[in-house]
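Please set out the organisation of the protein shown here, with attention to sheet, domains and core.

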Amino acid sequence: MSDAFPQLETIPIPVATATEEVSASRFGWFRDMPILVKLSTGWLFLVVFGAIYAKLDESVFGGALPLQDPNLQTNNFNAETGEFGTGEPLEGPSASHWLGTDAIARDTFARLVHGAWVSLIVASVSATFGVVVGGLVGSLVGFVRGRFETVAMAVIDVILAFPALVLLLALVSIFEVRSLGLISFVIGVLSIPAYTRVARANSLAISNREFVLAAQAIGTRRRQILFREIIPNVLPTLLAYAMVAAAFVVVVEGTLSFLGLSVQLPQSTWGNMINQARRDLKVDISQVVWPSLALTLTVLALNQVGDYFQRRGAVRQSSL
Amino acid sequence: MTERLDGRLARLLAALAAFALLVAACGGSSDDTDDAAPEDETEAAEAEEEAEDDDVAEAGEEAEGDVDTEIEESTGERVVGGEIAVGLEAELPGMRPWEDTCASSCYNIFVTIYDKLMESTETGEYEPWLLESITPNEDFTEWVGTLRSGVTFHNGVDLTAQSLVDMFAIQQTGSQSQSQIAASNLATVEATGDLEVTYGLSQPNSAFPAYLSRAQLGMVFEPGAAADGDAFNAAPVGTGPFVFESRDLDNETIVTKNADYWGTDSDGTQLPYLDKISFRPIPDEGTRLDATLSGTTQVAHTLRQNTIRDSRAERDGGAEITLFEFQGNNVGGGMFNVLVPPFDDIRVRKALVQLTPQDQVIEALGGTGISLPGTQWFSPDSPWYSEAAAAAWPQFDFEAGKALLEEYVNDPERSDGKAVGEKIEYELSCPPDPTLIAAMQVGFEVATSTELVDINLTNYDQQTHINYALGADNGFVGSHGAHCWRFSDDNDPSTSLNPAFAPPTAEIAAAAGIPDVVSPLNFANYFDGDIFQAAIGAIRTDNFDERYALYESISLKIAEDVPVWWSGHTATALITDDAVMGLVSWELPSGTLGQGMPNAEGRWHQVWLAG
Amino acid sequence: MARVLGTRLLRLVATLFAVTFLSFLMTALLPGDPAVAVLGVEGVQNEELLLEVREELGLNDPIPVRYVNWLGRAVTGDLGESYINRGVPVAQTIQERIPVTAQLAVMAIIIALVLAIPLGVLGAYKESRWPDTASSAFAQIALSVPNFITGIFLIWLFSVTLRWLPASNWNRLGNGVVDNLKTSIMPATALAMTQMAIFSRLVRSDMIATLQENFVLAAKAKGLTDRFILLRHALRPSSLSLMTILGINFGALLGGTVVIETLFAIPGLGFRLINAISQRDIMVIQGITVFIAVVYVVINTVVDLLYAAVDPRIRRS
């Protein structure tokens, strides 16, 4: 969403505290999950599996599942048959097209599944950038403080001072050909500041904890404290945060796609499916509904799971 | 007459298409009226033409196939008073006819504030509007016009021949008018009487009156007020039926009734009928239609087939709306940059046209049953349309297209320098509009299924799209490969054809022996000496048959060399609340029925609200 | 505290410099020639004219020089003139559009608060019981629907299907409050939903913490009614963090109305920005970007200071 990155900031920064009660987790992590979190995890696995299957269908799975070609226009000329197809644009759901067809008679279900690949890649890349770079920098500055922190946080502030969509639009429009790699990279880099802030806040809090103060008091080397005490304690919160951040990143990519500024056609993304189907809203709203639903459910699931792990992280830390 | 062209003339002509092509790229439409008719018919037609007198005025036409653009409009009792809101496709850049680009949306507003010297009729001829008469000399180098008397500008200043002379001084500095002055060969404007004005041309132009019906040279503004361009932009002054009241950029432009307007209807009732019109830019197609359906606006303006499709469905489903549709020459499609491999090879161009399933493209545009397939610069309804050229245009033929591509790919001398057997690679770019995005993927699908081409689909915003096609930084070669574009308009063919096929670069001009003639607006960079000479020849005569033959020869040559390709002709419409009347039945001062709403450009002075 | 204030202000100035320079740089790097935008396609055939315009716009100077020149004028409030709508100062454009975007943002926040506070209080009061579950679920869903999707479905429901509200456009407040509300309620609601979710979660967790504090227990012991305690005692401390988040969100909303304004064709800052980007109207892009960034930076600094003042633990000297 346009204000997604700022929103990353507006989410209360998760700082590990011991306020929430979650039943102890020594009985296995899955069995303890609330039903919603289980469902969410299930959906996310489904999305990830779908995305990977769609990507590797031909080469690895050899078409084991009946997933259609997402780019086949069923009313267009088909080189294999040498004839025009008999499909119709904007068809309703049927046995041959589970979710109907889009404006140029392509199978909506196949496009939806293939669209998941883009969301998956963008979210994973941004999380990786965020956790590795943002996590390191944030932990470091939160622990070291001083001038280094001032400078680093000033840089972060500058990046965060831009309305995210403007920054994205400008950056993305500088590049002429927008590949999935490029989009992921730009969004990934832009994710770093938010992770840095979270890592710093946690690092700050942990640095003030008794065991760190004690380590300092007995003269443990700072580097050792950072890697032995700070980072391992920042990481769980950061990973949980990554789930929530991924939810926002999926929305950001959806927005870019919606504005026609994400990956190149004919690759489907949920956002560009919504954008294209919006033209025919009056004729057939279902073509807007499916990608909207996929996008929303995925964001919801990421939020659920992220929240759950944040709460769990809080408990674990309280027992330190 | 010498066939070797005066360089300046040609360059001037080259300038002309600017507007049409610019707007074309923007998905808009052209700025003016209808098919130019041969001038010699104009005056005869004037006498013959009679406004339709029965209860139903008809405009539009029953086009070929199942494309239906017929409009019926009740011409019952006129009602004076009332106000309407009109939703337009885009905000206009500014209010100065000589300076600001004026596309279809803008034209709707401009005609309320400014009167034009000439106007086009139902049959596409040009008749005087603010002028009372205009006559050429023998070789079309001098045109003498007489102004209507007793007309005053909104600020109280009287309109005289001297006003037109002073206007010309300002027009010569305006970026829009300049190119029109050049293109029309206009050299001097003199007041040869109180109300008599003489236009001197540097070269013959039999189509000159067409220019006086366009915004850039035809719309009359108060030259005194226009001396300060910025102030004028904030408070424009014309003689038109409505007076500018206010403008809230991107939101609303309001005009109110000019109580002192010179015009009356055939019953002698003072025009305009309406008290006030609010024009609102609503870029989103669906939203604009919804606004009219929900009564927020009374009129929705559109240049999109799928919006027309949706409105028809709404109307047939019981919504109380009327569609004023118009299908003009303007045609969608695209162009190859013939200076860039592989498009310098005619085999590739022809193959790709043969691999484009035109019907499916039009379906993707939402234009099935709405938009006529394009085969040339003119629509089937145009007097300039050529059956021979239509027959010559390459039809969809997968095997033939594939064979041509194979021939190129296996040619050791292939122009793109790749190894024999390697795939052709190019970029196909369209502006980021959902409709164009759908359409571009249709052609993409078939072409790539030959497994002989790799196509990179890109969508740049309009400004970038135009800049790439223009290529101001590389001698106007441009950095595009295959590009979505729109061509042609409903003006005299010379106004758009000539610049589009003049030499595109200095080298080509030099090679053709006309070194000064370079047209950056030849975006496809395609040059053919015969086409060029035919285009020049066509404005040196007003004989329709001669001109027709020249334009037909151009269409045939384009069908042979395929520097461009066509999808469908642009369907446009004003979608109105059922109560809105008078968009079809308006008349010229002579009583001749006007041209309706070409390119969704309404004439609002005789619009009224029924009951 | 004075030292904290000093550093923060210093940092604010440095940030402002960096922000202005970066946005200047970014717009300078946008593809496309501003001179072409100024002249229109017709004008470009004349190469001398093109060069002249480039010179006039200072496009031939090195970027640092252009930045300094631009900044010098910007601090006096002169953000240049639009390339496309010539003669219109960028500062004036911004000034005209602030009321629209600000109104949207304020309305969104009000709608968000009106929904969020009852939901959050209810959730905290009935912690872990069904009203809590229901309100949390609602917040979760609201948080997860991207606002352009909310917008599309609002349009579909209220404009296309029910025909209750206009699908787009904007009636300025001057045209009457009711007319204005008709055009502003849908976009504001679309914007508000995510904010609502954030607020209600915050209110809920704050309230839960507050309800366990001694003074609340004392109030309970005094026999005060639940409602009285909730509204008079418990909500007040919660509102501090709410204020903080609200501050940050206002800045975010200012920049974040871009898609909603585009979707609903609302003449605000964001819509102008999107148009300017596609028209390559560099001065407008620069002006609006910098304006939004400056507002955001200032608000962030204020919030940071508040944060430091409220939570002394973070302030380690």
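## Basis of the description

This is a predicted model, in which local features need pLDDT of at least 70 and side-chain atom pairs count only at pLDDT 80 or more, while totals for chains, interfaces and linings use all residues. Residues are numbered from 1 along each chain as its sequence is written, and chains are lettered from A and ligands numbered from 1 in the order in which they are written.

## Chain B overall

Chain B holds 22 helices and 20 strands, taken as DSSP runs numbered from the N terminus (helices H or I, at least four residues; strands E, at least two). Of its 611 residues, 66% are buried, that is, have 20 or more other C-beta atoms within 10 Å of their own, with C-beta atoms placed from the backbone. Among contacts between residues at least 6 apart in the sequence of chain B, 73% join residues at least 24 apart, a contact requiring C-beta atoms, placed from the backbone, within 7 Å.

## The open sheet

Ten strands of chain B form an open sheet with mixed pairing, in the order β10-β11-β12-β3-β13-β18-β14-β17-β15-β16, where two strands pair if DSSP finds at least two bridges between them. At the edges stand β10 (242-248) and β16 (453-458) of chain B, each with a single partner strand, so one side of each has no neighbour in the sheet. Within the sheet, β14 (residues 321-336) and β17 (residues 482-487) of chain B pair in the antiparallel sense over six bridges, and B:Gly332 stands opposite B:Arg486 in β17(B).

Helix α11 (residues 285-293) of chain B packs on the sheet, touching β3, β13, β14 and β18 of chain B, and its direction makes about 155 degrees with that of β13(B). Such angles run from 0 to 180 degrees between N-to-C directions of axes fitted to C-alpha atoms, for helices over the stretch in contact. Helix α17 (residues 434-448) of chain B lies across β15, β16, β17 and β18 of chain B, at about 170 degrees to β16(B).

## Domains and core

An automatic or database domain assignment gives chain B domain 1 (87-298 + 579-609) and domain 2 (329-570), with C-alpha centres 33 Å apart. In chain B, 10 residues of domain 1 are in contact with 10 residues of domain 2.

The largest nonpolar core has 333 residues, of which A:Ala245, A:Ala246 and B:Phe110 touch the most other members; such a core is a set of buried Ala, Val, Leu, Ile, Met, Phe, Trp, Tyr and Cys residues joined through C-beta atoms within 7 Å. Both domains of chain B give residues to this core, so it lies between them.

Key: Two residues are in contact if their C-beta atoms, placed from the backbone, lie within 7 Å. A residue is buried if 20 or more other C-beta atoms lie within 10 Å of its own, exposed if 12 or fewer, and partly exposed in between; C-beta atoms are placed from the backbone.
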